[in-house]
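Have the sequence and the 3D view open as you read.

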Amino acid sequence: MGAPLRKLPGDPECKNGTCPTLWGTDNGKDFVVQGYVITDPQRLAQLDLPEGETAVVVPAAVLEEYFSARR
C-alpha cells in the first residue's frame, strides 16, 4: 500500500462526498484525479491511451476550486 493521499478541493456542488476530487501525493509533485470514467468508445479512441492508463472526466469546478485555494 502506498503512502496516504491528501484530499484537495473537490466539486463544490457535491452533496454526498464521493464526487470528483483531486488528491495530493506525499511527494507534493503528483496528483491523483477522481472522476467519471470515460466509457464512450469514440472518445477513448481519440485519446489513444496506452496499456495501463485510463481517462476520467473532471468538472471544471474541481480545478477552479483547487487553483483558487492555491492563491
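Predicted model: local features only at pLDDT ≥ 70, side-chain atom pairs only at ≥ 80, totals over all residues.

## Starting at Thr21

A polar atom in the side chain of Thr21 sits 2.7 Å from the backbone oxygen of Cys19. That's a polar contact, meaning a pair of N or O atoms within 3.5 Å; within protein, one must be able to donate a hydrogen and the other to accept it, and residues adjacent in sequence count only if both atoms are side-chain atoms.

Thr21 belongs to strand 2 (residues 21-24); helices (H or I, at least four residues) and strands (E, at least two) are DSSP runs, numbered from the N terminus. Thr21 counts as buried because its relative accessibility is 4%, and buried means under 20% relative accessible area, exposed over 50%, partly exposed in between (1.4 Å probe, protein chains only).

Residues are numbered from 1 along each chain as its sequence is written, and side-chain values use heavy atoms, leaving out hydrogens and water.

The protein chain has an average pLDDT (the predictor's confidence in each residue, from 0 to 100) of 86. Strand 1 (residues 6-10) has the lowest confidence, with a mean of 82, and helix 1 (residues 41-47) the highest, at 93.

## Over to Val32

Val32 is part of strand 3 (residues 31-34). With 34% relative accessibility, Val32 counts as partly exposed.

Beyond four places in sequence, Val32 is in contact (heavy atoms within 4.5 Å) with Leu5, Thr21, Leu22, Trp23 and Thr25.
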